[in-house]
Structures are given as C-alpha cells and as structure tokens.
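Colleague: I have not looked at this one before. Can you walk me through it?

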Amino acid sequence: GEKQKPPKDTSDQGDEETDSSDENRDNSNSSDEELDNFLRNILDQMLDNVLGLSGRSGIQSFHRAVDDNNVDAVRRMLESDPGNVRSRYQGVTALGVAAQRGYNEIVELLLSFNADIEAGHDDSGSSPLMLAVQENHVATCSILLQRGANSNAVDKAGFRPLGSAAQRGYNEMVELLLANNADIEAVDEDGDTPLSLAVSNMYDSILMQVVDRKSTRLNSSHQI
C-alpha cells in the first residue's frame, strides 16, 4: 500500500504562535500606554483652557510639584523664579497646600523664600496654620507657630485654630495652641468657645486642658 507520511512536528509552530502572541500583547500594552498619555495631555490642555490657565504652565507645574511633595523640584523652581512663592493656584498658595498636606520640608523651604505665612485660602480665608490644624498636622503647626503664625487668625466663617482643634478632639494640637497664646475666650460665628465645643463634643481631656489653662491665666492676673 501507499506509505503514510509522518505527522508534522508542530511544537516549533506552537512556540512561534506563543512568541507572536506575547509580542502582540506587548505591542498592545505599549499602544494603550501611548493612548493614555495622549489623552492625559489633551485633558490637561482642556483643563488649562477651562480654568483660564493658558500661559501659566510654570505656576501650575510649581504647585503640582508642591502637591507631589517633590522638594528638589520646588527648590529648583524657587531658585529659578522666587516669585513662585507668592503664586496661587485654584485659590490657595503653595504654603497653604504644603501646610494642609503636612509637608514639613516644603513648608520650611517656602518660608525660607519669604512665603506669606498668613495668606488665606480664597474661598475659606483659612490661613496655612488653620489648614494644618484641620488635618491635625502638629509638627507642621509647630513650625508655623515658631515662624510667627497667628494662633488666633480668623477664617471667613469666623472660626479660629483653637476652636477647630477643640471641636475635632485633637488633644496634642489644643495643647500646642494653648502654649502659643490661643484665645480661650474667642467666640466663633455660632457663639461657641473652645470650652463649649469641648463640652458639647464630650472631649474630657480637652476640656481639662482648657479649664486648667483658663485657671492658670486667672491666677496669674490676680497675682499681678
């Protein structure tokens, strides 16, 4: 009879198909990444146009570096253009952003370039100290207070740092602010004092701190 041909060895073909599949997958991933980058750039340009930021890419980049806690980039940009330290992006200064994030090294850096330590947020009027208090960044607040930040600065809603800390139950923050002459008797827009806020929120340890500081000040005034 007729001789049968031996079956073809398809092992190499399988390997070739696998290699081809891997190559196609790599190419696909690369294409996806390129598309993502392209779309991201388009969106950034659209955002710039909507927010009226055309021609302000330098300021936007500076604030992005602050927000990313990129100390080296922030330092380079400040050295290149010290005016960046006074810039605002979406209503807040670079110092306000760094204080709110608790980026202590950048806070120190910005202050060394004479950042306005009391510059309030455009919307809330919150100072860098208040922004740091709200996020309970004690070390950041300590830096700001040592550099002369006003412990009794009032925002647009009539709130002060001590009241904000007392309302949130931030014991260590309350202690720091009291040690830096925060006004115990200050009344906010709702008629509350730090003491009443501690009472209403049942923060016993804060209540004791405020009462103790109040009695200490009263004793001191009587001795005088």
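**Overview**

Modeller: Among contacts (heavy atoms within 4.5 Å) in the protein between residues at least 6 apart in sequence, 67% join residues at least 24 apart.

Colleague: What kind of model is it, and how are residues numbered?

Modeller: This is a predicted model, where local features need pLDDT of at least 70, side-chain atom pairs count only at pLDDT 80 or more, and totals for chains, interfaces and linings use all residues. Residues are numbered from 1 along each chain as its sequence is written, and side-chain values use heavy atoms, with hydrogens and water left out.

Colleague: How many helices and strands are there in the protein?

Modeller: The protein has 11 helices and 2 strands. Helices (H or I, at least four residues) and strands (E, at least two) are DSSP runs, numbered from the N terminus. The pattern along the sequence is α-α-α-β-β-α-α-α-α-α-α-α-α.

Colleague: And what percentage of the residues count as buried?

Modeller: 35% of the 224 residues. Buried means under 20% relative accessible area, with a 1.4 Å probe and protein chains only.

Colleague: Which residues have the most contacts inside the largest nonpolar core?

Modeller: Val74, Leu110, Leu144 and Met173, in a core of 47 residues. A nonpolar core here is a set of buried Ala, Val, Leu, Ile, Met, Phe, Trp, Tyr and Cys residues joined through side-chain atoms within 4.5 Å. In soluble globular proteins, nonpolar side chains tend to be buried together.

Colleague: Let's take Leu110. What is it in contact with?

Modeller: Leaving aside neighbours within four places in sequence, Leu110 is in contact with Phe62, Val74, Leu78, Val85, Ala94, Leu95, Ala98 and Ala115. Leu110 is one of the buried residues of helix H5 (residues 104-112), along with Ile106, Val107, Leu109 and Leu111. Asn114 follows H5 and has a positive phi, near 65°.

Colleague: How does H3 pack against H5?

Modeller: Helix H3 (residues 71-80) and H5 pack at about 10°, with axes 10 Å apart. Axes are lines fitted to C-alpha atoms, for helices over the stretch in contact, and angles run from 0 to 180 degrees between N-to-C directions. H3 and H5 are therefore roughly parallel to each other, a label for angles under 35 degrees. Val71, Val74, Arg75 and Leu78 in H3 meet Glu105, Ile106, Leu109 and Leu110 in H5. By class, that contact has 6 nonpolar, no polar and 2 charged residues. Ala, Val, Leu, Ile, Met, Phe, Trp, Tyr, Cys and Pro count as nonpolar, Asp, Glu, Lys and Arg as charged, and the others, Gly among them, as polar.

Colleague: At what angle do H5 and H7 cross?

Modeller: The axes of H5 and helix H7 (residues 138-146) cross at roughly 15° and come within 10 Å. The contact is made by Asn104, Val107, Glu108 and Leu111 of H5 with Ala139, Thr140, Ile143 and Leu144 of H7. That contact of H5 with H7 has 5 nonpolar, 2 polar and 1 charged residues.

Colleague: New topic: Leu129. Buried or exposed?

Modeller: Leu129 counts as buried, because its relative accessibility is 1%. Leu129 is in helix H6 (residues 128-134). Beyond neighbours within four places in sequence, its contacts include Cys141, Leu144, Leu145 and Pro161. Asn150 is 21 residues away in sequence from Leu129 and 7.9 Å away in space, C-alpha to C-alpha.

Colleague: Last one. Where does His121 lie?

Modeller: His121 is in the loop between H5 and H6. Leaving aside neighbours within four places in sequence, His121 is in contact with Arg88, Gln90, Gly91, Val92 and Ser126.

Technical notes
Buried < 20%, exposed > 50% of the residue type's maximum accessible area, 1.4 Å probe, protein only. Parallel < 35°, antiparallel > 145°, perpendicular 65-115°, else oblique.
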